[in-house]
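Dear colleague,

I am passing on the structure we spoke about, and I would be glad if you could look through it alongside the notes below.

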Amino acid sequence: MERKINTSRVVGTLVILIAIVAIIVGCTAQSGNNNSDSNEEIKLGWLGPLSGDAAAYGEPLQQVVNLAVEEINNNGGIKGKKLKVIFEDGKCEGKEALSATQKLINIDGVKIILGGTCSGETLGAAPAAEQNKVILFSAGSGSPDITKSGDYVFRNFPSDATSGSKVAKAAIDNKHKKIAILAEQTEYAQAVKNVFKTTLTNSGGSVVIDESYASDGNDYRTQITKIKAANPDAIYVVAQTPAKYGLALKQIRELGVNQQIYTNEFAAAGDILKDYSKEVEGAIYAVPYFNENEQKSKELLDKLKAKYGKLSGALPPVYLATQYDAVYLLSESIEKCDLNTDCIKTELYKVKNREGATGTLTIDQNGDAVFEYVLKKIVNGKESEA
Amino acid sequence: MAFTQLIVNGLIAGAIYALIASSFSLIFNIIKFMDLSPGAIFVTAAFSAYAFNIILGLPFPIAVILALIVSITVSLLINKLVYQPLINKKSNSFTLLLASFGVFLIVTGFILLIFGAEVKTFGLPITKGYEVLGFIITKTQIILIITSFIIFIALHLFMKKTKLGKAMRAMSDNKQVASIVGIDVKKITNITFILAAFLASIAGILVALEQNLEHNMGFLVILKGLTASVIGGIGNVPAALIGGLIIGLVENIGIWYLPSGYKDAIAFVILIIFLIFRPKGLFGTKTREENSG
Amino acid sequence: MIEAYLIHLLILVGIYAILALSLNLAMGNTGLLNVGHVAFYAVGAYTSALLTLNLHFPFWIAIIIAGIFAALFGLIIAIPTIRLRGDYLAIATLGSAIVVENVLRNWTSLTRGPLGLPGIPKPVFFGMQISGLGYLVLVIVFAAITYFIINHITKSPYGRVLKAIREDEVAAASLGKNVRKYKTQALVISAFFAGIAGSLYAHYISFIDPGTFGILESILIISMIIIGGLASTRGAIIGALILILLPEPLRFLPIPSFAIGAIRQIIYAALLVLILIKRPQGIFGEFTKKENGT
């Protein structure tokens, strides 16, 4: 027994030592790379969900970034140097995002991070970025809490707040005053819903019933039964992912609930238009102004289709566009400022009416994106003006 | 009117919980351990059926049969590689429960690795359900309930009437005596795992058809199935049906009155209440756990 | 630069070490199969966050109150469940943890639900904010205090009673020990330190939400003490070190990332299962909890 314990202790200690050594070796190798390549490459960090529940977002966004980087590098790079992106997994959660950010800042030595995608990632990463004067630029996080999360924190994706209020006003305009809500219990969905609710009640409407469901459930039928019994003029549905949105649509129509649906931009996600075209027909929602047919936007989608075969149906196209624009915007700032983050910061705050795949972008004094939101409606299976 | 809809909603959910609970109870009877593998089998069957039917394009009945074969194999492997070694070492029940959790995570991890993170569906056509007696129910849901019902009847008959069924019950009562009487313990154990895997697999495939497929779909289902089994009386297979239906009904009727975000908590509050006041469940027989030292 | 990254990892190791140590007291030493330990962690984190955010308490007071609240919550859990045996306690605590997560997600007026609590302030010491290396020192101090207290408890006569209860409750009761009282105390003390860990976590990451405190966290902590060795205080720390540090090198490998997440989960779980089968006493553990006549 004595000997057995000793062997296992040796084994245990060895395991730990191996782990520590592996990390240190990995780190030094990485730093070594940094030093040797800094004359050839400009490094950009990227933070997003590459595993876990939101992984279906991360992959298409990674593709967009790779496309943009390839284009930039083929056009001479940034002042002759190649742009290189280091992708890290934030797992859509604060602790992991912080670990990833720490690694990007301290091991890879990046000065700019494009990310997070989930708001939890951005909120987790922001303090570290702020402290290290590293630019954190999110192309996908909508939490209103991000507005105040740092001087070096920017986004070209609008705060969730805007979508909800625009749709609420649309409902009132359409004389739909009594609304029933079905929202997923996530940060994004609840934030949007809260704004919707406030705007609606301030404009003379009322929420007859406010139902929610947890993300790990797939059966919303009793919530929908309650909604049906409340006899609303219309329903407001906010899900966290197009997959859940589709499920909600399916169950709503199966239960014979036929009222007008107000929702978010998932109505236009590829998978929804394909699999639920009948159910989503007529849905009204608001998006940051993104005209698929406009030059730059259309170009982007065509390029993506050409390179990757098909567009992932998991994300509405607007997320792809903001991601694409972000890469370009950041590389333009690097052109002007090299990697001096204070200079880049000032440049970013100056962004006004910049034309991009997403439309016209202005960044306000909080680092937030000012977007015009427009109402859309699904007509004949396609996104159209509302 | 809405009330009948709630009952139907409860039956649909309850049928699934009941299948999982029966699977859980069957295994508990034979190895006398709580284990979470029905959750892993649930996911495996769902994704296997999807892989065979949608990805490989095989006709649905063939896909189901192949999925069953895969799941049953996995179930037998889990028993052979993980549970039997632990049982042979006379491990305590918590060790096995924890190991089964580990197994669940491994299986789920592989599903994630193989199929990726995107949610999948069978893409069945969506139609408004049949409206009858004040509630609405779709074709798929009717099939779900009927299939479960048939399986439960078949299971009951099997346990009561067939030689194998009787052998299983004998073993659950007293393993030593059973083996003395000539029952092949190993064979019956394997058959139990096959049967339990069958139940969990059907549940998985039904849910995949009616809702969708995610790699984590087995987690809450096995925990609620476990709850249903405890409520019915752990180890009492027919009672697992009742337990499952109770959970399904209370969940759905409960959130008629409570904020619906609390839906999952309902099942576990019921679990805690039963564990405190009536651990042997509604129809339970002697349970080893609370009595022995 | 590398140091900042390592400091970050070590801070996490320290926090999880406190969690592992505290769970070890309840599970390893006393045999209480608390699968819902994460609930105490959550209560501590939310208490500390809310006190500092809404009531502007200083961190130093908030962290202590966080521990106390977690301990009180442990008492509440203990009262109905402590007399349950074995697996029944396990699933009762599992159920409680799920209920806690549910409540955190739904009680939006208090916790902001899924929106979480962002902007949790860092501790201030004589006018200076503590972060980075300073925070590591803070965590190490708390971890050391936890280690010494728990080590002292386990090696004392009191600790021996706990072990006796773990091994054979009936015998311990027959010797006149009020088993229920001891078990409750062990759970409450365990909860206190988990609450402390929660506070340390909240003020470090500065953002918490209900999703942070799911059942998988509990399983992670349990894995730490199983791998490190049940009932070994040293083992708890080793377990925390291993499970936090071991997956990090995976970041440096050129594997597609969604695969990394899946592989990480598979490796964790396989490691756990293997240890349970091959060496259930873990690396430093001294025993396996056996049951009479299985």
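What follows is a description of the contacts between the chains.

Please bear in mind that this is a predicted model, in which local features need pLDDT of at least 70 and side-chain atom pairs count only at pLDDT 80 or more, while totals for chains, interfaces and linings use all residues. Residues are numbered from 1 along each chain as its sequence is written, chains are lettered from A and ligands numbered from 1 in the order in which they are written, and side-chain values use heavy atoms, with hydrogens and water left out.

**Chains B and C**

Between these two chains, 50 residues of chain B are in contact with 47 residues of chain C (contact meaning heavy atoms within 4.5 Å). The area buried between chain B and chain C is about 4,400 Å², with carbon and sulfur atoms giving 73% of it; buried area here is the accessible area, taken with a 1.4 Å probe, that two parts lose on being put together, summed over both. Across this interface the rule finds zero salt bridges (a side-chain nitrogen of Lys or Arg within 4 Å of a carboxyl oxygen of Asp or Glu), but it does find six residue pairs in polar contact, both residues at pLDDT 80 or more (a pair of N or O atoms within 3.5 Å; within protein, one must be able to donate a hydrogen and the other to accept it, and residues adjacent in sequence count only if both atoms are side-chain atoms). On the side of chain B that touches chain C, α4(B) gives the most, with 16 residues (helices being DSSP runs of H or I with at least four residues, and strands runs of E with at least two, numbered from the N terminus). By class, that side has 31 nonpolar, 12 polar and seven charged residues (Ala, Val, Leu, Ile, Met, Phe, Trp, Tyr, Cys and Pro count as nonpolar, Asp, Glu, Lys and Arg as charged, and the others, Gly among them, as polar).

**Chains A and B**

Here the contact takes 34 residues from chain A and 31 residues from chain B, and the buried area is about 2,700 Å², of which carbon and sulfur atoms give 48%. A:Arg221, A:Thr222 and A:Glu254 supply 23% of the area that chain A buries against chain B, more than any other three residues. The rule finds one salt bridge across this interface, in which the side chains of A:Lys244 and B:Glu214 meet at 3.2 Å, N to O. The residue pairs in polar contact between chain A and chain B number 16, again with both at pLDDT 80 or more.

With best wishes
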